[in-house]
Amino acid sequence: MAQSSQAPAGPTTVSGQVINAVSGQPVSRALVRLADRSMLTNYEGRFQFEQVTQDGVLLVTKPGFAMNPDSFSPANVILSKLSGQLTLRLYPEAIITVHVSEPDGDPLQGIFITSQRYLFDGSRRWVTVGGGLTDTHGDARLPLSAGEYRLVTRYLAPNADRDEAILPLVVPEQTSSSTLQSVHLHSGQEMHFDLHPQLSRTYPVDVTVKGAALRSDPAIMVTSSIGARISVSPRKDAGSGVQRIDLPNGSYTLSARSGEQGVVEMAETSVSVANQGLSGVTLNLQPAPIIPIELTIDPASTSDNSASSPPNVNQLGLFLENQQQDFDSGNANATLITRRDGGSAFTVPFGTYRLRSRSAGQWYVKSATYGSSDLLQENLVATSGGSGVPIRLIVSNQAGSVQGTTSLGGKAAAGSIYLVSLTPGLTSMISLRSRDDGSFSSSRIPPGSYRALALEQPRQIDFTDPTLAAPFTSWMQNITVGTGVASNLNLDEVPVEDLFP
């Protein structure tokens, strides 16, 4: 949108064209809304609103398209900056087609396929965005926005028509590598997968839950070695308390949980099934760790103004990011709770976590330890018996500042700025926004080294992941931020047409 320094003298006309962002062709019969007015584009994709007297939000919709594959992203029309015709881009959906069959080639009907998209909003997470059942031919069709995906098929127990269980499957196969394992889907692209889940007989596994459950009969959950949930229907022997479940061949984690957020008891054990049943499996309920937070102010910090008043723990935006694979819960994070004594703590299910912070305030975490673990660089491992061991934080307001400009095609323009930290810390990426004249500044940047990037439109990308950042590395600049030092940064924005490669 071109800009003009002079406001219109009176009512003006807002007009433009809607195009397919991939093909460049006009999009007809797209619904364009401006404030309380709406119209459909003509066969050339054009629209026109006459006698417009005030600024408004311009929104374009059409089935099978999105204005921004990452989010709901209307355009703001500011009459005083309007000059010439508008060009609005719609991104066509991509399509994943799937054929599911038994190892011998017979199609599998009624298999539910879940599509999960990788998103980053300060926390790395997989979000379920779609799904569908295979038809009588074993086929399913999933329309999706551009992005990073994985496909998950669910476990199906034997039934009256089938004496074997259908095992879950994940595509692409997930590994323990820090590199993202995903399918990259472009706007308008069609991709096909042939899936062949394994079939197996099931065998009885006798489980006893021991301990003083906070609620009666805590549910038994089963997770396969690839992180997929196995649905079980326990059959309880009232006399012995033994619960019988049926599992196919493989390795599993069995768990039980009782209680609410603040007071939780858990049990966990591993089992392997190999062509025979198991007995004597025991789940011993134990309290989940309650990990308090201890906060100390760095002695070098200043408090000579209200903006630098000491923070409380909740203002730091702390959470524990789950590092385990769980295709059903989306790797649920642990969040802070307030204890009866007014202090803050995490109630943490057993597992491996990374301490993170979403804080954008004056204070940042300079040091974080849990026992002998440096949580700026290491994971936190929560096990039974860990209650009472605190996370010790040292916070500081001795930050640096960044100032500069963003430009698009050689002209100053507003944009989204991302500072990707190369220095160990709890905040892996800092987001800023430049003004309409391209200028930006922030005095709340923790000291360290960063890679800086500016985009014409915001994107929910984890730029700390080398695989996801690769298409944008030529646009990035290195910058070092020092305590009390103003660092200058002038960035060329990645244009919108290059944001969804």
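**Figure 1. Strands 2 and 3 run antiparallel and are joined by four bridges, strand 2 covering residues 31-34.** The model is predicted: local features need pLDDT of at least 70 and side-chain atom pairs count only at pLDDT 80 or more, while totals for chains, interfaces and linings use all residues. Residues are numbered from 1 along each chain as its sequence is written, and side-chain values use heavy atoms, with hydrogens and water left out. Strands (E, at least two residues) and helices (H or I, at least four) are DSSP runs, numbered from the N terminus. Two strands are said to pair if DSSP finds at least two bridges between them. Strands of a sheet pair through backbone hydrogen bonds, either parallel or antiparallel. One of the bridges in this view has Leu-31 facing its partner Leu-40, which belongs to strand 3. Both strands are part of an open sheet of four strands in the order 3-2-5-7, with antiparallel pairing. Strand 3 (37-40) and strand 7 (75-77) have a single partner strand each and stand at the edges, so one side of each is left without a neighbour in the sheet. On average, neighbouring strands of this sheet are turned by 25° against each other, direction ignored; the axes behind such angles are lines fitted to C-alpha atoms, for helices over the stretch in contact, and angles run from 0 to 180 degrees between N-to-C directions.

**Figure 2. A network of salt bridges links Arg-124, Glu-321, Arg-356 and Asp-462.** A salt bridge is a side-chain nitrogen of Lys or Arg within 4 Å of a carboxyl oxygen of Asp or Glu. Side chains of opposite charge can pair when their charged atoms come close. Between Arg-124 and Glu-321, the closest N and O atoms are 3.5 Å apart. Arg-124 lies in strand 11 (residues 124-133) and Glu-321 in strand 29 (residues 318-322), so this pair ties together parts that are 197 residues apart in sequence. Glu-321 is buried at 3% relative accessibility, where buried means under 20% relative accessible area, exposed over 50%, and partly exposed in between (1.4 Å probe, protein chains only). Arg-124 also meets Asp-462 in a salt bridge, at 2.7 Å from N to O. That pair links distant parts of the chain, 338 residues apart, with Asp-462 in the loop between strand 42 (448-455) and helix 1 (466-469). Asp-462 is likewise buried, with a relative accessible area of 2%.

**Figure 3. The side chains of Arg-46 and Glu-44 form a salt bridge, with 3.6 Å from N to O.** Arg-46 is partly exposed at 38% relative accessible area, and Glu-44 is partly exposed at 34%. The structure holds eight salt bridges.

**Figure 4. The largest nonpolar core has 24 residues.** A nonpolar core is a set of buried Ala, Val, Leu, Ile, Met, Phe, Trp, Tyr and Cys residues joined through side-chain atoms within 4.5 Å. The residues with the most contacts inside this core are Leu-318, Phe-346, Leu-355, Ile-391 and Leu-393. Among the elements that give two or more residues to the core are strand 28 (290-297), strand 32 (351-357) and strand 36 (391-396). Leaving aside residues up to four places away in sequence, Phe-346 touches residues including Ile-290, Leu-318, Leu-336, Leu-355 and Ile-391, a contact being heavy atoms within 4.5 Å. Another core, of 21 residues, lies apart from this one and includes Leu-247, Tyr-252, Ala-267 and Val-281.

**Figure 5. Leu-491 is a buried residue, with a relative accessible area of 2%.** Leu-491 lies in strand 44 (residues 486-492). Not counting residues up to four places away in sequence, its contacts include Thr-405, Ile-417, Leu-453 and Gln-477. Leu-491 and Ser-442 are 49 residues apart in sequence, and their C-alpha atoms are 15 Å apart in space.

**Figure 6. The side chain of Ser-421 reaches the backbone oxygen of Thr-423 at 2.8 Å.** Ser-421 lies in strand 39 (residues 416-421) and is buried, with a relative accessible area of 18%. Apart from residues up to four places away in sequence, Ser-421 touches Thr-427, Ser-428, Ser-449 and Tyr-450.

**Figure 7. Gly-110 is found in the loop between strand 9 (94-100) and strand 10 (112-120).** Gly-110 is partly exposed, at 32% relative accessible area. Residues up to four places away in sequence aside, Gly-110 touches Leu-133, Thr-134 and Leu-156.

Definitions and conventions:
Polar contact = N/O pair within 3.5 Å; in protein donor to acceptor, adjacent residues only side chain to side chain.
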